Amino acid sequence: QPLCGACPFQKKCIAFKNNLIKVLPVKEKKIKQKTRFFNYLVVTQGNKIFVHKRTSKDIWQHLFEFILVETPALFSEEKFLKSPDFTSIFEGRTYTVTKVSNIVSQKLTHQTITGRFFHIKIKNSKTALKKYNLIPVSELKKLAFPKFIASYLQD
């Protein structure tokens, strides 16, 4: 409840003058919070790693990331590693999952990102992974990553 009797702006207040104190100010609608589930594949081939620059009109545009598989929920490690979204990336390649991170989250203004990082080694392969560049691991420090990834890399 506004305290119009004690307000120093009472004489200039449009809401008070027009008896609109119950409807002004108009409260903005709350932004609906959305949760997204990111599974980052940190894929190395020798001393090189696959990354790409985000270009779509989505969060983190123009920042770099590892191979991303977004899922509708946070799957168990086993379920994710057997999912077609994961297995289709490595068709015809020999790979080894060397490490799986703990689950991490980052809250943004309108969404929460929850996910984890799967470290994977692949043997030399002449076929590149779609839209990803193979760069020396030593070059990672020169790239701009979103906080979600940069924080993980610092650990």
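**Close-up views of a predicted model**

**View 1. Y40 meets strand 4.** L68 in strand 4 is the bridge partner of Y40. The model shown here is predicted. Strand 1 and strand 4 run antiparallel to each other and pair over five bridges.

**View 2. Strand 4 has alternating side chains.** The strand covers residues 67–71. I67, V69 and T71 point to one face, where they are buried.

View 3. Five residues make the patch: I14, L20, V23, L24 and V26. Its area is about 450 Å². L20 sits in the loop between helix 1 (14–17) and strand 1 (34–45). Is L20 buried or partly exposed? L20 counts as partly exposed because its relative accessibility is 32%, between the 20% and 50% limits.

**View 4. The whole chain gives the setting.** The protein has four helices and eight strands. From the N terminus, their order is α-β-β-β-β-α-α-β-β-β-β-α. The radius of gyration is 24 Å, well over the 15 Å that the globule rule gives for 155 residues, so the protein is more spread out than a compact globule. Along the principal axes, the C-alpha atoms fill a box of roughly 75 × 35 × 25 Å.

**View 5. Contacts and surface complete the picture.** Of the 155 residues, 35% are buried. Take the contacts between residues at least 6 apart in sequence: 69% of them join residues at least 24 apart. The protein exposes about 10900 Å², and carbon and sulfur atoms supply 55% of that area.

Note on methods
Residues numbered from 1 in each chain as written. Predicted model: local features only at pLDDT ≥ 70, side-chain atom pairs only at ≥ 80, totals over all residues. Heavy atoms only, no water. Patch = residues over 30% accessible without salt bridge, like charges linked within 9 Å, V, L, I, M, F, W, Y side chains within 5 Å. Areas by Shrake-Rupley, 256 points an atom, 1.4 Å probe, with all protein chains shown as cover. Salt bridge = Lys/Arg side-chain N within 4 Å of Asp/Glu carboxyl O. Helix = DSSP H or I, 4+ residues; strand = E, 2+ residues; numbered from the N terminus. Buried < 20%, exposed > 50% of the residue type's maximum accessible area, 1.4 Å probe, protein only. Pairing = 2+ DSSP bridges. Rg over C-alpha atoms; globule rule 2.2 N^0.38 Å. Contact = heavy atoms within 4.5 Å.
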